[in-house]
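The sequence and the structure come first.

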Amino acid sequence: GRFIAEGVPQNLLLVVLLVMVIGACIGFVNGFVMAKWKLHPYIITLAMQMITYGIYLTVSNSKQVSSLDPSYTTSFVTKPLFQIQTGVRPNGTAIFTVVPMYVLLALIVTALMWVVWNKTAFGKNMFAVGSNEEAARVSGVNVMATIIGVFMLAGALYGYTGFVEAARLGSSTATLGLNYEADAISAAVIGGVSFVGGTGKISGIVLGVFVLRIIFVALSMLGIDPSMQYIIKGMIILIACSIDICLLYTSDAADE
C-alpha cells in the first residue's frame, strides 16, 4: 500500500478504522438496549459477546489466520520503538529490553481517553449518568445519547485493541481475546472503578493494569500453575467488588 503518516500503510489505517466502526456498531446495539429497556449492562454485553463470537466462528469456520503481512506486524504494531538497558551479562555486554510500537499505540488511546473524561462535556455527562442517572436527566443531560455513546466508544476501542493484539501475537485464532474481559474487570476494580458507577479515574485504571500485570508476572516467575491464576483472578474481582460495595454502604450510612 501507499505509505502515509510516518510510514503507516494507508490500507492499515482503513482496516483499523473499519474494525473500530464494526465495534462501534455492536456497541450501539448494547447501548440502545440498555438505555431503552434498562437491562443490566453485564447481561447485555455477555449476550452480545456470545452472539458476536458465534458469528465469527460461523463466518471463519473457526480457522486460524496466520502469516500476517509484515507491514501490519513487524513493520508497524510490533516494530521496536526504542530500547532500554536493563542489565549486563557476565561477559560485559549490555542487556537491552525493547519497547515495541504497541506501547505507544496504547499510550495514545490512554491520553485521548484522559482528555475525553476530564476535558469534554461528554466525559462529564458519563460521570453524571454513572453517579445518578435520574439526577443527570433532571439536569438536562441526554441520558440515552450518553449511554449509547459510551457503549459505542467502548466498542470502537475493543476493535482497536483487537487490531493491535492480533499483530502482537502474530495470528488470529478462535480463542483470541478469550477471558480478556476478566482481566479488564480486574484491572478496573483494582484501579478504583466502582461497579455501581460514578467513580473512577483514567490514572487509576492505568495503575490497575500495571498492578495486575505485575501480580501475574510474579506468579509466573514463582512457578504458580496457570490454572491457579484463574482462581486468584476471580478472588481479586470478588474481594475488590466486596470492598467497593462495603464502602458504598458505609458512605450511604454516613450521609443518613
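How many residues lie between E3 and E4 in the hairpin that they form, and which residue in the turn has a positive phi?

## The hairpin

The model described here is predicted. In it, five residues separate E3 from E4 in the hairpin, and the turn residue with a positive phi is Gly92, at about 95°. Strand E3 covers residues 80–88 and strand E4 residues 94–100; the two pair in the antiparallel sense over seven bridges. Within this pairing, Gly87 stands opposite Ile95 of E4.

## Overall layout

The protein has 10 helices and four strands. Read from the N terminus, the order of elements is β-β-α-α-α-β-β-α-α-α-α-α-α-α. The C-alpha trace spans about 70 × 45 × 40 Å along its principal axes.

Of the 256 residues, 29% count as buried. Among contacts between residues at least 6 apart in sequence, 55% join residues at least 24 apart.

## Nonpolar cores

The largest nonpolar core consists of 18 residues, and those with the most contacts inside it are Tyr72, Phe76, Val77, Leu105, Tyr160, Phe163 and Val164. Two or more residues of this core come from each of H1, H3, H4 and H7. The greatest contribution is that of H4, with six residues.

Leaving aside residues up to four places away in sequence, Val77 touches Tyr72, Pro100, Met101, Tyr102, Leu105, Phe163, Val164, Ala167 and Arg168. There is also a second, separate core of nine residues, with Ile44, Val129, Val141 and Ile147 among them.

## The buried side of H5

Helix H5 spans residues 121–131, and its buried residues are Gly123, Met126 and Val129. These residues lie on the same side of H5, because they cover an arc of only 125° around the axis. An α-helix has 3.6 residues a turn, so positions three or four places apart point the same way.

The cover over the buried residues of H5 includes helix H4 (101–119), helix H6 (133–138) and helix H7 (143–169). Val129, one of the buried residues of H5, is also included in the second core.

## Aromatic pairs

The structure holds five aromatic pairs. One of them is the stacked pair of Phe28 and Phe32, with 6.2 Å centre to centre and 20° between the planes. Both residues lie in helix H1, four residues apart, or about one turn of the helix. Phe28 has a relative accessible area of 39% and is therefore partly exposed; Phe32, at 29% relative accessibility, also counts as partly exposed. Tyr72 and Phe163 form a tilted pair, because their ring centres are 4.9 Å apart and their planes stand at 50°. This pair links distant parts of the chain: Tyr72 is in the loop between H2 and H3, Phe163 is in helix H7, and 91 residues separate them. Tyr72 and Phe163 are both buried.

Ring pairs also join Phe28, Phe32 and Trp37 into a cluster. Elsewhere, Lys233 lies over the face of Phe216, at 5.2 Å from the ring centre.

## Loops on either side of H2

Which residue in the loop between helix H1 (10–37) and helix H2 (41–60) is described here? That residue is Lys38, which has a positive phi of about 60° although it is not a glycine. In the loop between H2 and helix H3 (73–77) lies Ser62. Ser62, likewise not a glycine, has a positive phi of about 60°. With 43% relative accessibility, Ser62 counts as partly exposed.

## Pro41

The C-alpha atoms of Pro41 and Ile231 are separated by 24 Å, and the two residues are 190 apart along the chain.

Conventions: Residues are numbered from 1 along each chain as its sequence is written. This is a predicted model: local features need pLDDT of at least 70, side-chain atom pairs count only at pLDDT 80 or more; totals for chains, interfaces and linings use all residues. Side-chain values use heavy atoms; hydrogens and water are left out. Buried means under 20% relative accessible area, exposed over 50%, partly exposed in between (1.4 Å probe, protein chains only). The arc is that of the directions from the helix axis to the C-beta atoms. Contact means heavy atoms within 4.5 Å. Rings of Phe, Tyr and Trp (its six-membered ring) pair if their centres lie within 6.5 Å; planes under 30 degrees apart count as stacked, over 60 as edge-to-face and the rest as tilted. A charge sits over a ring if NZ of Lys or CZ of Arg is within 6 Å of the ring centre and within 35 degrees of the ring normal. Two strands pair if DSSP finds at least two bridges between them. A nonpolar core is a set of buried Ala, Val, Leu, Ile, Met, Phe, Trp, Tyr and Cys residues joined through side-chain atoms within 4.5 Å.
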